[in-house]
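Dear colleague,

Here is the structure for your files. My notes on it follow below.

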Amino acid sequence: MPVTIIKSDKRAREKPCLRCEYSLRKIDSTHCPECGLSVWLSLSNNDGLEWSRAEWLRRMALGLGVMTVAQGFGMIPYALLLIAMFGGQASSGAAFFGWVSVAKICAAVYLIAYHIGLFIVTGSERRYPDRLKGWRIGSWVVGGIAMLFSLLLLVWATSPRGFWLLHTAMNFVVLASALVTLGYLRLLAKRIPNSTLAKICAWMMLVPVLPFLKVFPIFGLYIIMQSLWLAEILPVIYLPLSAVLFVWFAVLFRRAATSAEKSWAAETAITR
Ligand SMILES: [Zn+2]
């Protein structure tokens, strides 16, 4: 007969206070001696957003606001490129590169704004264990690459050279950003908890991947021809869709923050 040994999690006691990060390892009291927050709250595995740090939730809502504005701005370079590529064929080469220069500058501004927003959203929660760490580091790496790439766009804004290279690289940067953003938000959706929103994030992670079927046609040989058009149109669909998603998350985060403030206040000892 198998014997089940129930071991207490040694590391559980190493969890610091959720509010002030005071070490609770050698504490016998029911409330944090530093800030008065219930020790139970810090040591429990309940990481629901309504029981999480309110200022962190509000900061994420702010970052999402920045990203929403950026997504709106991000429509401009794609719209300009569509004009340049499909409407501008009759116009002269000079006019074409005029459009492309403006598109490059807009794309650079877009990338900078979006990743500042993403940096705010992925600020550390200061919770142990930190399950968001992987996505946060991923976001920062992608953000760093995007910042370098936006500088490149600005430097080459007036040059007619390297257009297709930049265009392809831009698609890769936007894809990587979308994936880390949605991956991060998906984990947070589970903590709201909102399974519908988590599923939407998972499905939307597929949308930015679609254009790459033409680059890596292994998965969709027969749709290569159709996806040539699709690839240029997709950002125009993806950008407003994700903007709606960001607003949705921001509203839920703000609501959770209000609720979390009440929860924490109720779990704080009045006398210390
Ligand atoms: Zn404390």
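C17 is buried, with a relative accessible area of 1%; buried means under 20% relative accessible area, exposed over 50%, and partly exposed in between (1.4 Å probe, protein chains only). C32 is also buried, at 2%.

This is a predicted model, in which local features need pLDDT of at least 70 and side-chain atom pairs count only at pLDDT 80 or more, while totals for chains, interfaces and linings use all residues. Residues are numbered from 1 along each chain as its sequence is written, and side-chain values use heavy atoms, with hydrogens and water left out.

Zinc site

The zinc ion has C17 (SG), C20 (SG), C32 (SG) and C35 (SG) as its protein donors, at 2.2 to 2.3 Å. Donors are N, O and S atoms within 2.8 Å of the metal (3.2 Å for Na, K and Ca); water is not among the atoms, so sites may look incomplete. The spacing of the donor residues in sequence is C-x2-C-x11-C-x2-C. C17 and C32 both lie in the segment before helix 1 (39-43), so this pair ties together parts 15 residues apart in sequence. Helices here are DSSP runs (H or I, at least four residues), numbered from the N terminus. The angles among the four donor atoms are 104 to 114°, and the site is tetrahedral (four donors with all angles between 85 and 135 degrees). For comparison, the ideal angle for four tetrahedral donors is 109.5 degrees.

Aromatic pairs

Five aromatic pairs turn up in a search of the whole structure. Rings of Phe, Tyr and Trp (its six-membered ring) pair if their centres lie within 6.5 Å; planes under 30 degrees apart count as stacked, over 60 as edge-to-face and the rest as tilted.

One of them is F119 with W140: the centres are 5.6 Å apart and the planes at 40°, so the pair is tilted. It links distant parts of the chain, with F119 in helix 3 (residues 93-121) and W140 in helix 4 (residues 133-155), 21 residues apart. F119 is exposed at 53% relative accessible area, and W140 is partly exposed at 39%.

F249 and F253 form another tilted pair, with ring centres 5.6 Å apart and planes at 55°. These two residues are four apart in helix 7, about one helical turn, and both are buried. Ring pairs also link Y110, Y114 and F246 into a cluster.

Helix 7

L234 lies in helix 7 (residues 224-266) and is buried at 7% relative accessibility.

Regards

Methods
Four donors count as tetrahedral if all angles lie between 85 and 135 degrees; four count as square planar and six as octahedral if opposite donors are over 155 degrees apart and all others between 65 and 115; anything else is irregular.
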